[in-house]
Structures are given as C-alpha cells and as structure tokens.
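Load the model and keep the sequence beside it.

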Amino acid sequence: MAAMCFFDSSKNISLSFLSLGTGLSPPYHCVRLPFCMKYKSIKASQITMTQLMLPSYSNFSGKIHGGYVLNLMDQIAFACASKHSGYYCVTASVNKVDFLNPIEVGELVTLKASINFTGRTSMVVGLRVESENIQTGVVKHCNSSYFTMVAKDKDGQSVPVPGIILNSAESIRRFARSMERQQHAQSRDQLFNSADFNHQAYLDKLVGQNAKVSLPEAGDRKA
Ligand SMILES: CC(C)(COP(=O)(O)OP(=O)(O)OC[C@H]1O[C@@H](n2cnc3c(N)ncnc32)[C@H](O)[C@@H]1OP(=O)(O)O)[C@@H](O)C(=O)NCCC(=O)NCCS
C-alpha cells in the first residue's frame with residue numbers, strides 16, 4: 001500500500017491515517033510521505049526517565065521537595081523538545097502543576113515526556129510523573145503538567161520546529177487541548193490586562209471571598 005499522509009497547510013501538523021481508518025476527507029491535501037519530512041513522529045522524541053529519591057532531596061517533613069520534582073520536569077521537557085526540534089530549547093511557560101500525591105524518600109520516580117503540540121517555534125511537552133514504592137510496587141500518579149518550550153538557534157533567535165504527525169485519536173485530543181488552552185490563556189490575558197481592568201466591576205464578585213476590600217478614600221490617594 002502506498003504510504004500516504006495528509007496535512008493542513010495552515011497548521012504545523014500532519015495527520016496520518018494509515019493505521020486509523022478514520023477516512024477524513026478534504027480540506028486536507030494528500031501527498032506522498034517524502035513531502036512530510038518536515039513532520040516528525042511523536043514517538044521519536046518521547047522520553048522516560050527514572051530516578052531514586054534520595055534523602056538529600058527531601059524537605060523538613062521527609063517528603064521530596066516540590067522544587068526538586070519541578071527541576072526534573074524541566075530537564076525532561078528540555079530533552080524531549082530539543083530532541084524533537086534538533087535545537088536547544090528554553091522554557092517559555094509551565095501550565096498547571098498540581099502535586100497530587102507526596103513522594104517519599106526511597107521511592108522510584110518515573111517521568112514521561114511527549115510532544116503534545118507544535119506551533120511555529122514553540123512546542124508543548126506533556127509530562128506525567130509517577131512514583132513507585134519499591135517494596136510494595138504501589139504506583140502513585142504525582143503530577144501531570146504541560147511545559148511550553150521554544151527552540152533557539154546559537155544566536156538566541158527562535159527557530160521554526162518540525163510539526164508532529166497526529167496518528168491517533170489520542171494525539172489529536174492532546175493537540176486540540178493545547179490549542180484550546182492557548183486561546184483561553186489569550187482571552188484571560190486580555191480580560192485581566194492591567195491597563196484595561198475595571199476593578200469596580202469585580203467588587204460584587206469578591207463578596208464571600210476570604211479577602212477584605214480596603215481601598216483608600218479618594219482624598220487619601222497619592223497624586
Ligand atoms: C519565551 C521566549 C522565547 C519568547 O520569545 P519572544 O521573542 O517573545 O518570541 P515570540 O513572541 O516570537 O514567541 C515565540 C514563541 O513562544 C511562544 N511564547 C512566548 N511566550 C509564551 C508564553 N508565556 N507561554 C507560552 N508560549 C509563549 C509564542 O507563542 C511563540 O510560539 P510560536 O512561534 O509557536 O507561535 C522569550 O521570552 C525568552 O527567551 N524567555 C526566557 C526563557 C528562559 O530563559 N527560560 C528559563 C527561565 S529560568
């Protein structure tokens with residue numbers, strides 16, 4: 001069977017339906033594989049890293065420092081994005097870091113990283129962190145997070161990155177979620193832009209919150 005793939009030229013993605021049988025129809029153009037070399041498989045840059053949690057990584061209550069785990073997450077996000085792009089990458093933003101379960105000294109922590117989304121010069125790396133108790137074998141989900149990484153050339157300029165090949169419903173779901181998250185972030189930034197924000201419009205919504213509004217009287221304000 002001739003290897004075929006489809007791409008939407010307005011987005012940095014390629015959809016491959018060889019194994020899906022989803023039968024999507026135009027607007028996608030149909031081209032032969034060599035033309036798709038600007039797209040890379042997600043699998044090619046997936047990374048897994050496992051580390052034993054030593055006492056020196058712990059805080060005063062004997063659990064592993066959240067900051068230490070963040071450091072590991074940043075490292076694996078860097079490795080994954082750099083592998084995909086072929087350039088060193090910087091962390092542009094980190095979305096949502098929830099520490100779902102504490103990690104104990106002596107546990108094995110496994111981090112998995114995979115490219116969820118590719119923009120022009122940016123990539124969203126999805127991360128999953130699990131810890132395993134060596135004696136009981138119990139595995140805990142500790143964290144899932146999304147790191148936006150930007151590829152840089154040797155002069156520090158942002159450089160275009162290859163797109164990803166979306167070859168499963170799950171990969172399309174992850175890509176779509178990143179797109180939506182970016183759009184929500186943009187509208188939230190606009191809504192709370194400090195130059196345009198009207199605090200008076202929010203005073204009613206603050207009723208019942210654990211905060212006391214104590215604005216200076218008009219005459220008290222500094223000129
Ligand atoms: C993040 C950074 C690369 C953006 O650079 P910039 O000159 O503003 O570049 P642009 O506005 O062209 O944005 C480049 C890409 O980054 C994305 N980006 C920029 N800021 C972002 C943010 N806060 N969150 C998510 N993505 C962001 C843009 O959407 C764009 O993506 P695209 O090319 O795929 O469309 C730059 O601000 C930087 O180098 N920051 C410091 C990074 C760093 O040192 N990290 C480690 C901190 S210790």
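Which residues are around the ligand? They are Val90, Thr91, Ala92, Ser93, Gly119, Arg120, Thr121, Ser122, Thr148, Val150 and Ser158, each with its C-beta atom, placed from the backbone, within 6 Å of the ligand. Strand E6 (88-95) and E9 each give two or more residues to this shell. The largest share, four residues, comes from E6. By class, the shell holds three nonpolar, seven polar and one charged residue. Here Ala, Val, Leu, Ile, Met, Phe, Trp, Tyr, Cys and Pro count as nonpolar, Asp, Glu, Lys and Arg as charged, and the others, Gly among them, as polar.

A word on the source. This is a predicted model, in which local features need pLDDT of at least 70, side-chain atom pairs count only at pLDDT 80 or more, and totals for chains, interfaces and linings use all residues. Residues are numbered from 1 along each chain as its sequence is written.

Now the fold. The protein has two helices and 10 strands; helices (H or I, at least four residues) and strands (E, at least two) are DSSP runs, numbered from the N terminus. Along the sequence the pattern reads β-β-β-β-β-α-β-β-β-β-β-α. Take the contacts between residues at least 6 apart in sequence: 70% of them join residues at least 24 apart. A contact means C-beta atoms, placed from the backbone, within 7 Å.

Next, the interior. Of the 223 residues, 26% count as buried, meaning that 20 or more other C-beta atoms lie within 10 Å of the residue's own. The largest nonpolar core has 33 residues, and Ala77, Met123, Val125, Leu127 and Met149 touch the most other members. Such a core is a set of buried Ala, Val, Leu, Ile, Met, Phe, Trp, Tyr and Cys residues joined through C-beta atoms within 7 Å. Helix H1 (66-85) and strands E7 (108-118), E8 (122-132), E9 (139-152) and E10 (163-166) each supply at least two of its residues. E9 gives the largest share, six residues. Pick Val125: beyond four places in sequence, Val125 touches Ala77, Cys80, Ala81, Ala113, Ile115, Asn116, Phe147 and Met149.

Helix H2 (residues 169-191) has 23 residues. Its buried residues are Ser171, Arg174, Phe175 and Ser178. An α-helix has 3.6 residues a turn, so residues three or four places apart point the same way.

Last, confidence. Mean pLDDT (the predictor's confidence in each residue, from 0 to 100) is 86, and 81% of residues reach 70 or more. Residues 1-10 fall below 50. Residues 17-37 stay under 50.

Terms used. Buried ≥ 20, exposed ≤ 12 C-beta atoms within 10 Å, placed from the backbone. Contact = placed C-beta atoms within 7 Å. Expected span 1.5 Å × (residues − 1).
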